[in-house]
Amino acid sequence: MARLFTTGIYGYLDLVLIGWTLGLLWLGGCALLTKGGWKDKLHAALTDERLLFGGWGGETRVQIGSWLFVVAMALLQFDMFFMNSHVRETTASWYGFLAPKLEIIYFWLIILKLVFFTRYSGLQLGAGYCFFFVFRWVFLNNGKFWVVAGMMFFLAAKDARMRQALKTGLAVSAASFLAVVTSAAMGWIRTLQENSGDRTRDSFGYGWFNLTGAILLAICIMYVCWRQAQNLKWFDFALLAAALVFCDRGPDSRASTVCIALLILLVAVLRFAPGLAKPAWVWGLVSAAPAAAFAASLLSGLLYRADSGFWTRLDGLFTGRLMLANQALTGSSIAIAGQRLTDSGFVVDNFYVAQWVYGGPVESLLFWGAVTVLLWRLMKKGAVTESACIVMMLAHAFMEGHFAWPCINVCLWLLPCVLYLLPQSRTPDFAKPAAE
């Protein structure tokens, strides 16, 4: 038992697995105690939503669970956007005290939310259990932190206050980013600088230029989801344009710069020509984006030829990503349950290829299938802002690996409607409720 508290995320995963296994048994026991025949008992087991291990606390317990998610996400944003900068190189005593405790706190909040503060039916918990079990199984083989950590947060988002979590996350993220950038500009913390052609790249206090770009991109996503495309004004586009210029002239992160430009284009279309998103064939086209990006990534990696002028020029456009994908795809075999390949030396920035090679086909198909269904449900609901942000992140995943980071791609907080097989009517979004 002591191992559960000393092995980091391995122990956290085991605790959720134990809690949910006992929870499934508890739901089964409750169903057996239901009055009526076997059909009534089966119907109760599959459809009745209950808090695990007793109804004590009732609705108050559910509300506490929602706040647990909000607080956990805020702590994760602070940890990644502030603590995960060159602030860590300071000698301040508060950093040494706080840094090792943050991850423990927000993961324990997520564990409590998943096990004790969320309602499940037998069908919902069974579906979530299958997703969790597969991603945990693959993680034990490949050790890739962010995909399994992301899945824990996405599962915990069930019935949480999405807009409250978004607003809190945006405030914490923006404040953390501004604090780091200002500290770097004032010389209070170290920054990375690198000559790139006729300009100098600057990480503005973070450990790498592309991480700076990804954090800025995440803030843009949260801002757009908070404001919603149909409500954007001239000053919103001015802010997004300023972020675009900063990303291009500061960290010079090509993937994030291109994707911020794509985000501006998509939300401008949704703002000024909203009717374009209404036909059902557009829903299908948007929903097919994950499959198209996934296929393009694998095929371009497999078909790349170093002696071809076409492929070398295309590879130059993606700053060597095609060559790296080719090396990983042709130099490794596919393991159905994931693999580490620690001695291979492969560096794969394309998230589709990395997940296929390191996560295997089962995890890849489950993950991209869930994103596909989510896009269809969002488009059907009319949540076009969130859909546009996911499509933009699909483009980002072609060059970077941040798609499954819950602190970067906040639109995947909406995945519980798919992971728990909830009805279309319970598809969440970030729009302001009509009552507000």
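**Salt bridges, pockets and a nonpolar patch**

The structure holds 16 salt bridges, each defined as a side-chain nitrogen of Lys or Arg within 4 Å of a carboxyl oxygen of Asp or Glu. The model is predicted: local features need pLDDT of at least 70, side-chain atom pairs count only at pLDDT 80 or more, and totals for chains, interfaces and linings use all residues. Residues are numbered from 1 along each chain as its sequence is written, and side-chain values use heavy atoms, with hydrogens and water left out.

Side chains of opposite charge can pair when their charged atoms come close. Arginine 201 counts as buried because its relative accessibility is 12%. Glutamate 194, at 31%, is partly exposed. Here buried means under 20% relative accessible area, exposed over 50%, and partly exposed in between (1.4 Å probe, protein chains only).

Arginine 199 pairs with aspartate 252, the closest N and O atoms being 3.5 Å apart. This pair links distant parts of the chain, 53 residues apart. Arginine 199 sits in strand 4 (residues 199-202), and aspartate 252 in the loop between helix 9 and helix 10 (254-272). Helices (H or I, at least four residues) and strands (E, at least two) are DSSP runs, numbered from the N terminus. Aspartate 252 is buried, at 18% relative accessibility.

A salt bridge also connects arginine 321 and aspartate 349, again with closest N and O atoms 3.5 Å apart. Arginine 321 lies in helix 14 (residues 321-330) and aspartate 349 in the loop between helix 14 and helix 15, so the bridge ties together parts 28 residues apart in sequence. Arginine 321 is buried, with a relative accessible area of 9%. Aspartate 349 is partly exposed, at 27%. Elsewhere, Glu49, Lys158, Asp159 and Arg426 form a network of salt bridges.

Pockets were located on a 1 Å grid over the protein atoms alone. A pocket is an open set of points where a 1.4 Å probe fits, with protein on both sides within 12 Å along at least five of seven lines; lining residues have an atom within 4 Å of a point. Grid points are joined across faces, edges and corners, and a volume is the space filled by probe spheres set on the points.

The largest pocket has a volume of about 590 Å³. Its lining comprises 26 residues, with Lys144, Val348, Phe351, Gly401 and Trp405 nearest the centre. Helix 5 (122-142), helix 6 (145-156), helix 8 (209-227) and helix 15 (351-381) each give two or more residues to this lining. Helix 15 provides the largest share, six residues. By class, the lining has 16 nonpolar, six polar and four charged residues. Ala, Val, Leu, Ile, Met, Phe, Trp, Tyr, Cys and Pro count as nonpolar, Asp, Glu, Lys and Arg as charged, and the others, Gly among them, as polar.

The second largest pocket holds about 300 Å³ of space. It is lined by 14 residues, of which Leu216, Ile219, Cys220, Leu239 and Ala243 are closest to its centre. Helix 7 (162-185), helix 8 and helix 9 (234-249) each supply at least two lining residues. This lining has 14 nonpolar residues, no polar and no charged.

Leucine 123 belongs to helix 5. With 42% relative accessibility, leucine 123 counts as partly exposed.
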